[in-house]
Amino acid sequence: MKHLKPLIIALALPFTAITVYALATVGYVGIFSYHFPSPAGWQVFTDLVIALVLVCIWMIADARRNGRNVVPYLIATLFLGSFGPIAYLLLAKPSPASQA
């Protein structure tokens with residue numbers, strides 16, 4: 001996992017920038033309401049929800065294996081989307097198996 005942290009950071013930085021820009025432009029509610037007027041928006045929103053639910057399932061299983069508390073990351077995912085899993089990955093401690 002340690003070798004993936006630079007990649008995760010490289011993805012998180014531009015994602016954070018575009019999120020800050022979107023929040024400044026349309027606000028938190030505006031990010032969601034943008035998807036409601038068209039079926040294409042519904043599809044994108046539904047796809048995002050499905051993907052994040054699958055990621056949450058993975059985080060729960062991974063946290064159980066590694067003795068981590070996953071609740072803060074699940075709450076972050078609920079309110080902040082991909083920032084929850086990104087934080088989960090960035091704050092992971094290396095497991096003994098990955099250090100070998």
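**Helix packing, term by term**

Biologist: What makes helix 2 and helix 3 roughly antiparallel to each other?

Modeller: They pack at an angle of about 175 degrees, axes 10 Å apart. Over 145 degrees counts as roughly antiparallel, under 35 as roughly parallel, 65 to 115 as roughly perpendicular, the rest as oblique. So roughly antiparallel it is. The axes are lines fitted to C-alpha atoms over the stretch in contact, with angles from 0 to 180 degrees between N-to-C directions. This is a predicted model: local features need pLDDT of at least 70, side-chain atom pairs 80 or more, while totals for chains, interfaces and linings use all residues. Numbering runs from 1 along each chain as its sequence is written, and side-chain values use heavy atoms, without hydrogens and water.

Biologist: Which residues make the contact?

Modeller: Leu52, Cys56, Met59 and Ile60 of helix 2, with Tyr73, Leu74 and Thr77 of helix 3. Contact means heavy atoms within 4.5 Å.

Biologist: Why are helix 2 and helix 4 called roughly parallel?

Modeller: Their axes come within 10 Å and cross at roughly 25 degrees. That falls in the parallel class, therefore the label holds. Helix 4 is met by Leu52, Val55, Trp58, Met59, Asp62 and Ala63 of helix 2.

Biologist: How do you know which side of helix 3 is buried?

Modeller: Tyr73, Ala76 and Thr77 are buried (under 20% relative accessible area; exposed is over 50%, partly exposed in between, with a 1.4 Å probe, protein chains only). The buried residues of helix 3 pack against helix 2 and helix 4.

Technical notes
Helix = DSSP H or I, 4+ residues; strand = E, 2+ residues; numbered from the N terminus.
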